[in-house]
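Subject: Structure handover

Hello,

Here is the structure I promised to pass on. Please open it and keep it in view while you read.

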Amino acid sequence: VLETGEPFVTEDYLHDPRITGDDADIAALGGVRALVVVPLRFGGAITGLLWVAHRGRRSVRRRDLAVLGKLADQAAIALENSRLYADAQELAADRERVRLAAELHDTLSQTLFSMVLKLEWCLGRLPRQPEVRAKLEEIKEETGVMMDQLRQLIYRLSSEPAGASGPSQQIRQLVGQFRELTGIAVELTSHGE
């Protein structure tokens, strides 16, 4: 069906000479006798297949094929709409992340930088008060750490589009982070996509 674009119809799947190998065994396990496969078409291309199986013998008329063809056309449109919706959601999430990164950079990052400058000014004018000076140095150091963390967050937000890595890659990253943070040995096994 993918090669020809034409529907495939068999009234007796198990005894049809066009069916060979493992496909016949799978059908037997499921009790399939009659089968119709119709292409899903969108934009002039075959985007998938609609399979209709019956457990008993069944003849398929031209009208049945026409109805399944229309149903396949509607399914192809629905699947394309679903894909477009998912793309739009992903784009919206990417835009929001970039907006958030810019906002963090323009507000919080600038405020922390200003705090460091003010702390340096205070430290330069502070007479011999070791306890106060030590506390201000500590605050300055912690502010520097916060600035570094904020820069890393801004970089991640602005440079990683939502679709940059798939769910399996994201799970691997989470498992790796968990392993690092807890020291617990974790093994991730995945099969297929």
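Below is what was found, from the whole chain down to single residues.

**Ground rules**

This is a predicted model, so local features need pLDDT of at least 70, side-chain atom pairs count only at pLDDT 80 or more, and totals for chains, interfaces and linings use all residues. Residues are numbered from 1 along each chain as its sequence is written, and side-chain values use heavy atoms, with hydrogens and water left out.

**Confidence**

pLDDT is the predictor's confidence in each residue, from 0 to 100. The protein chain has a mean pLDDT of 82. In that chain, 88% of the residues reach 70 or more. Among the elements, strand S2 (residues 34–42) has the highest mean, at 91. Helix H1 (residues 22–30) has the lowest, at 67. Where pLDDT is low, the predicted coordinates should not be read in detail.

**The whole chain**

The protein chain has four helices and three strands. Both kinds of element are DSSP runs, numbered from the N terminus: helices are H or I with at least four residues, strands are E with at least two. From the N terminus, the order is β-α-β-β-α-α-α.

The chain has 193 residues, and 23% of them count as buried. Buried means under 20% relative accessible area, exposed means over 50%, and partly exposed lies in between (1.4 Å probe, protein chains only). The chain exposes about 14,400 Å². Carbon and sulfur atoms supply 57% of that area. Such areas come from the Shrake-Rupley method with a 1.4 Å probe; for residues, only the protein chains shown count as cover.

Now the contacts, meaning heavy atoms within 4.5 Å. Take those between residues at least 6 apart in sequence: 51% join residues at least 24 apart.

**The sheet**

The three strands form an open sheet in the order S1-S2-S3, with antiparallel pairing. Two strands pair if DSSP finds at least two bridges between them. Strand S1 (8–10) and strand S3 (45–54) are the edge strands, and each pairs on one side only. From one strand to the next, the twist averages 15°.

S1 and S2 pair over three bridges. S2 and S3 are joined by nine bridges.

Why is S2 described as largely enclosed by the rest of the structure? Seven of its nine residues are buried. Helix H2 (residues 62–125) lies across S1, S2 and S3. H2 runs at about 45° to S2. Axes are lines fitted to C-alpha atoms, for helices over the stretch in contact, and angles run from 0 to 180 degrees between N-to-C directions.

Start with aspartate 16. Look in the loop between S1 and H1. Aspartate 16 is buried, with a relative accessible area of 10%. Not counting residues up to four places away in sequence, aspartate 16 touches Phe8 and Thr10. Its side chain makes a polar contact with the side chain of threonine 10, at 2.6 Å. A polar contact is a pair of N or O atoms within 3.5 Å; within protein, one must be able to donate a hydrogen and the other to accept it, and residues adjacent in sequence count only if both atoms are side-chain atoms.

Next, leucine 150. This residue is in helix H3 (residues 130–159). Leucine 150 counts as buried, at 8% relative accessibility. Leaving aside neighbours within four places in sequence, leucine 150 is in contact with Leu104, Leu108, Ser109 and Leu112. Leucine 150 and alanine 101 are 49 residues apart in sequence, and 9.4 Å apart in space, C-alpha to C-alpha.

Last, phenylalanine 113, in helix H2. Is phenylalanine 113 buried or partly exposed? Phenylalanine 113 counts as partly exposed, at 44% relative accessibility. Phenylalanine 113 and glycine 144 are 31 residues apart in sequence, and 8.4 Å apart in space, C-alpha to C-alpha.

Best wishes
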